[in-house]
Amino acid sequence: MSSDRFTGAAAGLTPQQRARIAVFRFGLGPKPGLIARLSRSPNAAFDACWAELTASTAKANVLIPPPRVNGRQLTPDDDMQRCCFAGGNDINSGTIRYQELSRRYCKHLEPEVGLVERLALFWANHFSMHEEKSVPVRSVIGHFERTVVRQHVLGSYPEMLKAAVAHPALIGYLDNFRSTKNAINENLAREILELYTLGTQRRFPNRSIDYTQEDIKSLAGIITGWGISYRMLSRTAHHPEYGSFRFRQSDHDEVTRKVLGQSFGAPGQAKGFAALQWLAEHSYTGQNIATKLLRHFGFDNPPESLVSRLRHIYVHTGGNLLEVSKSLLRMEEVWAAPLRLRPPHLWAVAMARGLGFTNVDFPDTMTSGIHRIESHWQMRLRQLNNAAWGRVTPDGYPDIDAAWLHPDAMRMRPVIAIQMLHDSKWRGYALPNPDTLRSQLLPGSVRMANVSRYTGDSRVRAELAEIFLTSEYMTR
Amino acid sequence: MSDHEHEMIDRRLEDAIAAGCEQSRLLLTRRAMLGVSTGLFSWACLPRHAEAFDGDRRLLIVSLIGGMDGLHVAYPLQERNTLRGYRASMLAGRGGYLERYRALGRSGFVINSNLEKFAAMFGRGEAALVHAVAPPLQTRSHFDCMDNLQNGQPGFGNPTRDGWLNRFLSRLAENQPARRGLSATGSPLILQGEAPVQSWSGSELTGLAGFADALLPAYRQSGLPLFSGNHGVARQLELGLATHSLATTSESGQSAGDSSLTRSFRGTARLMKAATGPRIAVLSVDGLDTHDGQVGRLDAKLAELDNGLDAFRTELGSDIWARTVVVCVTEFGRTARSNVIGTDHGTGTVALLLGGNVNGGRVIADWPGIATLNDDRDLTATIDIRSLFKGILSEHLGLWKYDTLMNTVIFPDSHAIRPMEGITRLPKPNRLRLRNNRLT
């Protein structure tokens, strides 16, 4: 038997504690039998996480294939084009959106622990977009998540960032398609600095220098002309590139500009790629990303020492996200961090996995001013203010307890738990025996709440919901 | 705060809930079904003895998220040509757009015609504009500036994550009704902190009857701080349940055709007007970030806000409206020049002030003009928004303007920021006095 992987802050954790932390803090929640299996040896939990991260198949496993639209499976070749076309058509955009969300939710149900899937969710929230911004944006957020976030989740952050900024979803969401050398729109440039690279100034008050309005204007100038094609072949027929990213030289300002003192003067689009590469490798970006990762996986207020260690790895590897993720997983302080409240989305996913769902959706047609297909799953998460693509502002859903731990939110959880169990009947799932399921999911745990006042199906639902409301399922 | 104090609050809270807010009724945010987003509503409740709260005043703070363009809301008539020049591209094809603004009395300012009901209140002397105002931190970042608006700090470097309104509430003595608020530490930041605060989203969904109550003992006995701690799940759930039951046992009065935002305003008023209901509330409205499609989007949003504010006034009734101040604030204004079709982040902007206790019919401004722009870009802020907030705390709620709490705790390092004067109409309430480190 190999020696204990933990020799520091996490060394005192029992194998079963480690197993629970692995599946709830780093993963998407246990499937039946997993915690027992990961509790068999001291290293089993860590090794299961490590394996998901480092397996030769890891990068492929996190990918999601393009959706089916109107009975036709899109291929990587026509994926972008078809999704963009949908942006010109409300009904098709609703279909694409529904398919993308549904596939994303189902993907959460696949892996054993779900660490890479958690990272994909983290990075999707890092580039959080609101589907109500416009029909074209709604049509391509899914494509963005599949081809930008998931493609690079274990790759390079500079590459992820460049792909993100050159994608019609972000260009559309943050208005850069409006930005020309004669009329600069700063929205995207500002959020690149505040959110995607260096970080908002107030979060890091001790920095010796910081970017200014001039830097924002410079960066906005550097990415002028980064737009979206609206070419038509005729009055009614789209050009094949319609809706996809397009660099327009005529809108681009060729002036050499400085950002934080660094000059960018390469011609055309190369100027922007150079700036993004430079920004992505900046140590402030490392600090921002280290802080966000630690806030997501460990602490409302990440300790400076951990931020500094993770930033060092980030900077040293040029933003290699596999190496950063490995370091994060190896930080015993994160394993030993105090329990925090599980945000609604992660909580609901854990519940679906625990119940053995292989599909989360049952399409339902709703009208909300625009025609679209809505799913129960998405609807429930919307009720908990944590639906995918539902955050209006680009800063993403917050990762601190104060955002989720308040009276109304706590009242809604039990309601939604019962509703989701009720919905599952419509999806054709038989509800499992609560006692059996409890022992399979959380070996050694006992019922905490007395629900004997209910009978029949209500009793089963109450006993099942109780598992997900009074245990580690409420934690991360 | 000591554990003992928590105990005290808990018991009073239970009493208050038992005897308290039954008349309250809330129907708020309906993100639920249609994805319409109006933001979280929170309030500090005054469950009992509300009558004893000096003057029985109400305060609603409306937080407009995204940076509302103050020049789109109102501008001085004299600057019309300058503004038209700045915004030629955005107003192209909308001939006479700026001519359709309405005069605000004899103030020299004109207001967007979508704020029709607000303009009528202005005419009746119960609404005012504060213009060229901004929070002290002027970095044009949504996140930094909205945080700053709500945390009351003089700039960067706030070590504590709590809101200025919560710091006021938490300093009220225990026999002050506001101190006996319902509990939570949820959003928004302005209400986060030590003082218990309630939150409510107006969802009518219910699960199995009594199911959530059955969870409470389980949380309390868990031994996990997350579940059983002072701000833990048990405490939050308990308060959420109490509020829900108050809301659902009261009469329902929503009007058909109300937008979700109007329902939020109406529900807020319904709770606040109850004799034992909350007195201080915060309501968040998003969608003001108009880089793109500004004219259509902002006009629609202003009309929606206008309807919401009017519904709030109507629902509250004239007696209580007379003792009410509503203030609508945003994190920054926007560029004076349009970027073809919208505007980018700026600095100075407008705050809307309304309520029966507002000494209205005025535009309160030290107008900097727009011929010369701040950073050659946006409206210079000549009023620090803290002076407006301080004026409201002082004239409307009775915190003495020279109180050290005002300048050191609620708004740290703000001695130089003088409270705005003459905001209200009614005589000032009796001054809150510090006894045993608490205001009574």
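What follows is a chat about a predicted model with a chain A and a chain B.

Me: To start with chain B, how many helices and strands does the secondary structure come to?
Reply: Chain B has 440 residues, and 65% of them count as buried. As for its secondary structure, the tally is 16 helices and 14 strands.

Me: Let's zoom in on strand 8 of chain B. How many of its residues are buried?
Reply: Strand 8 covers residues 280-285 of chain B. One side has B:Ile280, B:Val282 and B:Ser284, the other has B:Ala281, B:Leu283 and B:Val285, and these are all buried. So both faces are covered, with under 20% relative accessible area being what buried means. The count of buried residues is six of six.

Me: Now for the two chains together. What area do chain B and chain A bury between them?
Reply: The contact involves 69 residues of chain B and 68 residues of chain A. Carbon and sulfur atoms account for 62% of the area buried between the chains. The total is about 5400 Å².

Me: Which residue of chain A does B:Arg377 meet in a salt bridge?
Reply: The count between chain B and chain A is two salt bridges. In one of them the side chain of B:Arg377 takes part, at 2.5 Å from N to O. Its partner in chain A is A:Glu186.

Me: And which helix of chain B gives the most to the side that touches chain A?
Reply: Between the chains there are 13 residue pairs in polar contact, both residues at pLDDT 80 or more. Several elements of chain B each supply at least two residues to that side, including helix 2 (31-34), helix 7 (142-151) and helix 9 (211-221). With seven residues, the one that gives the most is helix 11 of chain B.

Me: How do the residues on that side of chain B divide into nonpolar, polar and charged?
Reply: This is the side of chain B that touches chain A. Its residues split into 29 nonpolar, 29 polar and eleven charged.

Me: Is A:Asp79 buried or exposed, and which side chain makes a polar contact with its side chain?
Reply: A:Asp79 sits in helix 5 (residues 76-86) of chain A. Its relative accessibility is 3%, so A:Asp79 counts as buried. Beyond its neighbours within four places in sequence, the residues in contact with A:Asp79 include A:Pro66, A:Leu74 and A:His143. The side chain in polar contact with that of A:Asp79, at 2.6 Å, belongs to A:Arg146.

Me: Is A:Pro267 buried or exposed?
Reply: A:Pro267 lies in the loop between strand 6 (262-264) and helix 13 (269-281) of chain A. From A:Asp253 it is 14 residues away in sequence and 9.6 Å away in space, C-alpha to C-alpha. Since its relative accessibility is 62%, A:Pro267 counts as exposed.

Me: What about B:Arg140, buried or exposed?
Reply: B:Arg140 has a positive phi of about 65° although it is not a glycine. The loop that holds B:Arg140 runs between strand 6 (127-134) and helix 7 of chain B. At 4% relative accessibility, B:Arg140 comes out as buried.

Me: And B:Asp376, buried or exposed?
Reply: B:Asp376 also isn't a glycine, and has a positive phi of about 50°. Its place is the loop between strand 11 (362-364) and strand 12 (383-384) of chain B. With a relative accessible area of 53%, B:Asp376 is exposed.

Definitions and conventions: Residues numbered from 1 in each chain as written. Chains lettered and ligands numbered in written order. Predicted model: local features only at pLDDT ≥ 70, side-chain atom pairs only at ≥ 80, totals over all residues. Heavy atoms only, no water. Helix = DSSP H or I, 4+ residues; strand = E, 2+ residues; numbered from the N terminus. Buried < 20%, exposed > 50% of the residue type's maximum accessible area, 1.4 Å probe, protein only. Polar contact = N/O pair within 3.5 Å; in protein donor to acceptor, adjacent residues only side chain to side chain. Contact = heavy atoms within 4.5 Å. Buried area = accessible area lost by both parts, 1.4 Å probe. Salt bridge = Lys/Arg side-chain N within 4 Å of Asp/Glu carboxyl O. Nonpolar A, V, L, I, M, F, W, Y, C, P; charged D, E, K, R; others polar.
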